[in-house]
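Here is a short report on a two-chain model. It starts with helix packing and then turns to the chain contacts and the overall fold.

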Amino acid sequence: MSFKAMKSQVLARKVIQKEELFILDVRNNSDFEDWKIEGENFSYLNVPYFDLIDGVEDILDKLPTDKDILVVCAKEGSSVMVAEMLSEQGLNVFYLEGGMKAWSEYMEPVKVGDLSNGGELYQFVRLGKGCLSYMVISNGEAAVIDPTRMIEVFTRFAQELGVTIKHVLDTHLHADHISGGRTIAKETGATYWLPPKDAEEVVFDYQPLEDGEEIKIGHTTINIHALYSPGHTIGSTSFVVDEKYLLTGDILFIDSIGRPDLAGLAEDWVGDLRETLYHRYRELSDELIVLPAHYMIIEELNDDGTVAEKLGKLFAENHGLNIESEVEFRKMVTENLPPQPNAYQEIRQTNMGKNKPDEEKQREMEIGPNRCAVR
Amino acid sequence: MMEAVKVLDAKGLACPMPVVRTKKAIEEINSGEVLEVHTTDQGSKSDLTAWAKSGGHELVKETEEGDVFKFWIKKA
């Protein structure tokens, strides 16, 4: 029978549409345990490719006959080998084109909603890593928020919509992925905004993003209002877009809250995190729709592929917003934290402009899940 | 350390070839003997380690010299 390539784009639709898929992951066990392709109706079998070199006969009875099978490895090579062996045994299988490397870089643009005066807001979902970026569009102009290093995704999207990128903003200095902010700004002539308290060590020019700053997109009135909201980092800033959406960065997620330990000691910032989540955000309208910079688990994805929820609902349901005791809160965000993201120190140095790794190295630094939250 | 009885040059090869070649090479030496492997593929580091472990072979030593990874594997 045959084996065919499956592109990340096709796989992304299967995740969003909650389709069934059987994933045969042939990376070694620790890599699989650490990070895999998440889908609500996906099932998995992990057998390292080096255990299959002599033949795939042993696993044939573990493979389903009633759903598609996708063979996955780190970069593609091993999955092609295994897919070919399976096809020789009479199966029809797919392998993931470009492997986990391509999957971790793929971004799916999803429209979140319309803004006043014909504006639009898009969310870019990086399914492989759980990172979320945004584009606000109005009257031929665009602002990009928390872009990843795959900058063509944003520049091409802007081009297709016929808009010019005027502003690029980072909610904070990221520790889990490399920001594309500076590069987009350089290529398009846009202004790059960064919270100054996160930028004390950066070695490039930027526009300081202070509390209360208003950025206008297009000649109408779509505004991005900056709200200082420290806790994940000391500079973390949220944005209220068009008085309708609250972009929370890595401070508040749908089902979890930001962790305070990636840029220093958790103890130092836990008070700020508490203040932001339990006081500053409480003063905002419950009707604001929260748009975070990450999601952690696939259940946080809405049916249309967006990651978005009303602030009022999060106040009612997000565990991290419902811990009355400050002592207990402190304990939760400083003890039993998940492992830190891969290479997070190197990533921070890169985002400060101090490190200039090549593309291959950047990819390698970003391997693995984002791990910016505590639940 | 024990002298390697065989040196496998797997430089420039991409996954899965470094492990495939290593597996073949180790079949050609005797139990207790050491195979030396040279690779350049980043992924080969964790894969060769995991492969050796799953086959019960002992990874006696590994080094990184410039872009080249070197492994000494003692056959089980």
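Axes are lines fitted to C-alpha atoms, for helices over the stretch in contact, and angles run from 0 to 180 degrees between N-to-C directions. Helices (H or I, at least four residues) and strands (E, at least two) are DSSP runs, numbered from the N terminus. The model is predicted: local features need pLDDT of at least 70, side-chain atom pairs count only at pLDDT 80 or more, and totals for chains, interfaces and linings use all residues. Residues are numbered from 1 along each chain as its sequence is written, with chains lettered from A and ligands numbered from 1 in the order in which they are written.

α1(B) and α2(B) pack at about 35°, their axes 9 Å apart. Two residues are in contact if their C-beta atoms, placed from the backbone, lie within 7 Å. The residues that meet are tabulated here.

| Helix | Residues in the contact |
|---|---|
| α1(B) | P18(B), V19(B), T22(B) |
| α2(B) | S44(B), D47(B), L48(B), W51(B) |

How many residues of chain B touch chain A? 13 residues of chain B contact 13 residues of chain A. On the chain B side, α1 (17-27) and α2 (44-55) each give two or more residues. α2(B) gives the largest share, five residues.

Chain A has eleven helices and 20 strands. Its radius of gyration (over C-alpha atoms) is 21 Å, close to the 21 Å from the globule rule (2.2 Å times the number of residues to the power 0.38) for 375 residues, so chain A is as compact as a globular protein of that length. Its C-alpha atoms fill a box of roughly 65 × 50 × 40 Å along the principal axes.
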